[in-house]
Amino acid sequence: MRLSILAFAAGVLALQIQGELPGLVLLSALALASVAGFFVARNGTAMPARSVVVLSCVVLGFVWAGGRAQIRLADHLPEAWEGQDVELVGVVAALPQRFAQGERFVFDVEQAVTPGAQIPHRISLSWYRSRSGAGEIAEDTGAGQARSVRPGERWRFTVRLKRPHGNANPQGFDFEAWLLERGIRATGSIRARSEAVRLDDFVWRPAYAVEALRDRLRERFVRALPDAPYTGVLTALAIGDQRSIPVAQWQVFSRTGVMHLVSISGLHVTMIAALCALAVGTLWRRSERLMLRLPAQKAAIAAGWAAAFFYASLAGFEVPAQRTLYMLSVLAVALWAGRNLGVVRTLLLALLVVLLIDPWAVLATGFWLSFGAVAILFYAGNSRLGPNEPRRWRGVLIQWGAAQWAVTVGGLPLLLLFFQQFSLVSPLANLVAVPVVTFVVTPLALIFAVIPWPPLLHLDHWVMVQLMALLDWLAAWPVWQQAAPPLWAVLLALVGVVWLLLPRGFPARWLGLCLLLPALFPPLPRPGMGEAWADVLDVGQGLAVVVRTARHALLYDTGPGYGGEADAGQRVVVPFLRTNGVAKLDALVVSHRDQDHSGGLVSVRAHAPVGRILASFAEAGGERCAAGQSWEWDGVRFTMLHPESDNYEKKTRTNAMSCVLRVESVGASLLLPADIEAANERALVARAAEALRADVLVVPHHGGKGSSTPEFVSVVAPEHAVFSAGYRNPFGHPRPEILARYGDSSIWRTDRDGAVRVVLGEGAEVTVWRAERRRYWQHR
């Protein structure tokens, strides 16, 4: 059975990395082949039959995941209805997410009022603040936050939708896969000038009732601690709402390796189930009548499971909590039936349940980290202590330390693969934070959720303040950061972890450390001398280009701000630099002050040392960019073509002051003109026509109609034209007439192709991320 479950999981994973989804005919044929395999195996000899069963389980997992994907993708938004005003009736299905400009929430569509509209059943809507009109966010309700909707309410909205779409960059977060797993098949916004009508105060459904309870509890926490710094953390531990935790606190948790403690993880769910089971079992044994009706052990099992189910539901039934609940369910059923399944079989049955319910779970980082952590604890916990040692305090401490060591070392390969960093102080931070958060902070937060007595929460917050003082101090210590290791190095490191955590007395366990070395110091691909790699990142409606030579790196623009504390520097540029092993920027060029080009500047400077800054505005904190500036790195020439020095003495538009940079390798060139306008293009054609000629052009102003004059396009004559623009952006970039002007060039678009890589050597080669890592859910 164990091998069969692993084979089924392998089939599910194989489906999720497909570039195209197999059709129903092929899936049906594979299903029949799988059934035939099981039938043949029944009449075969032992070894061949076992192989046939394993292969059939792989095929069955593939078919199961493919069938579920077919059903989910069938519920889609037709392309013809993108960007159209549609009137809908539906129910607010989840806890709204508040942000500076309004709020965002999941909406279950019950009816499309607009004739002929084909709308998915579950969508995500944003309701932005407006100064007047029916689309305005409601006034403060007393909880310290402006509100407009609550879970369970039925509303009629006029909305404008688009298909699921997210930025696509190497090692970047796959927003489209995240939406697919949650069944959200379109995103959009409520039209501000339309009439929004609340039709019912509450629509009864168990899921809506739970979300409404979470909403009331969140308000209770905010009322009790309106201005406290860690209200968001306590709220997250009680109801799983992590979105109110500030970015600065997330950075502290990340640098100290305790991020898992501020989300409702398996540890929290298991702890609540264990405490409830212990309490009910103890009280149950005091009643002879109850003992005669049901054994205390079974009563404790039922109570523990019920507590786990309630807490997981209260946490929004997020994927980590689901996995733990399924694992506890398998364990509860086995104990209730008086069977000992063993830890390995329990873990694998939980894995099977997870994949049957949610075959997209394998796409989530948390899936691998949580199952990996539990597997490591089970593996490392095999007879490390003597039979009587755990009963003494010394033994308990040794066991606790050994568990922390096992989780730290065992999780290292996956942390390097997914995040390219790990905290050096994580073992010490977790040694203190795990018991404090698990046995003090979380229980107090939950007690306050049941008994709204403010002193309880004030005490809880005081404990959190003391813990954060320690974490803030530990966060100042260095964090190991590196390039993303290749898959073979990660697999080798996992073998090293297994070897390293072998029982005491096993010879040469230190050899496991040697197997970790390729993952810790991965081979780093670099351009050769005279070559340059330029990555036009997919940052939405903005621009960010990373140019690398053999020993140097330059960042041209930092992408847009996304609102609130989020920007492209933090979400896209810095992770890309870390993934590719760029520890320092030798130069940073910020073409002009517009937010779609400079929005990530602060985040980039906070996370990456910068040698030289060139910009057209003083606030960037560097020197002015000016025509005539040039330098050479590793056989690659960089030349600034615009603006001229005397342009700074004139009052001009910010776009007109864009720094224009030419990058020239041994046999090809790239032109980065930012947002220059028609007048600037004509001036450049008049004074530097020869320098404008380029094999690759990042099209000025994202393909807006105020740039790319016919004369400019003719002089540059690019073989490749790259448009950096946001998907269905409100400006209509790139404009159709501008696209037509580049008819002789190969057209590449970040909104369609994701990140675009340009390799400049003897010639120019272009590859795009969405083609290199094609997945079946993209553009659907």
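**Salt bridges and an open sheet: close-up views**

**View A. Glu623, at 35% relative accessibility, is partly exposed.** Partly exposed is the range between buried (under 20% relative accessible area) and exposed (over 50%), with a 1.4 Å probe and protein chains only. The model is predicted: local features need pLDDT of at least 70, side-chain atom pairs count only at pLDDT 80 or more, and totals for chains, interfaces and linings use all residues. Residues are numbered from 1 along each chain as its sequence is written, and side-chain values use heavy atoms, without hydrogens and water. Glu623 forms a salt bridge with Arg612, with the closest N and O atoms 2.8 Å apart. The pair links distant parts of the chain, 11 residues apart: Arg612 is in the loop between α22 (601-607) and β16 (613-615), and Glu623 is in strand β17 (residues 623-624). Arg612 is also partly exposed, at 28%. A salt bridge is a side-chain nitrogen of Lys or Arg within 4 Å of a carboxyl oxygen of Asp or Glu. Helices (H or I, at least four residues) and strands (E, at least two) are DSSP runs, numbered from the N terminus.

**View B. A salt bridge joins Arg548 and Asp535.** The N to O distance is 3.1 Å. Arg548 belongs to strand β11 (residues 545-548) and Asp535 to strand β10 (residues 532-536), so the pair ties together parts 13 residues apart in sequence. Arg548 is buried at 6% relative accessibility, and Asp535 is buried at 3%.

**View C. Glu211 and Arg214 pair within helix α5.** Their closest N and O atoms are 3.0 Å apart. The two residues are three apart in α5 (residues 206-224), about one turn of the helix. Glu211 is buried at 9% relative accessibility, as is Arg214 at 6%.

**View D. A network of salt bridges links Arg150, Asp215, Arg218, Glu219, Arg223, Asp241 and Arg243.** The search of the whole structure finds 30 salt bridges.

**View E. Eight strands form an open sheet with mixed pairing.** The order is β17-β16-β15-β12-β11-β10-β25-β26. Strands β17 and β26 (764-768) are at the edges with a single partner strand each, so one side of each has no neighbour in the sheet. Two strands pair if DSSP finds at least two bridges between them. Strand β25 (residues 756-760) and β26 run antiparallel and are joined by five bridges. Arg757 has Thr767 in β26 as its bridge partner.
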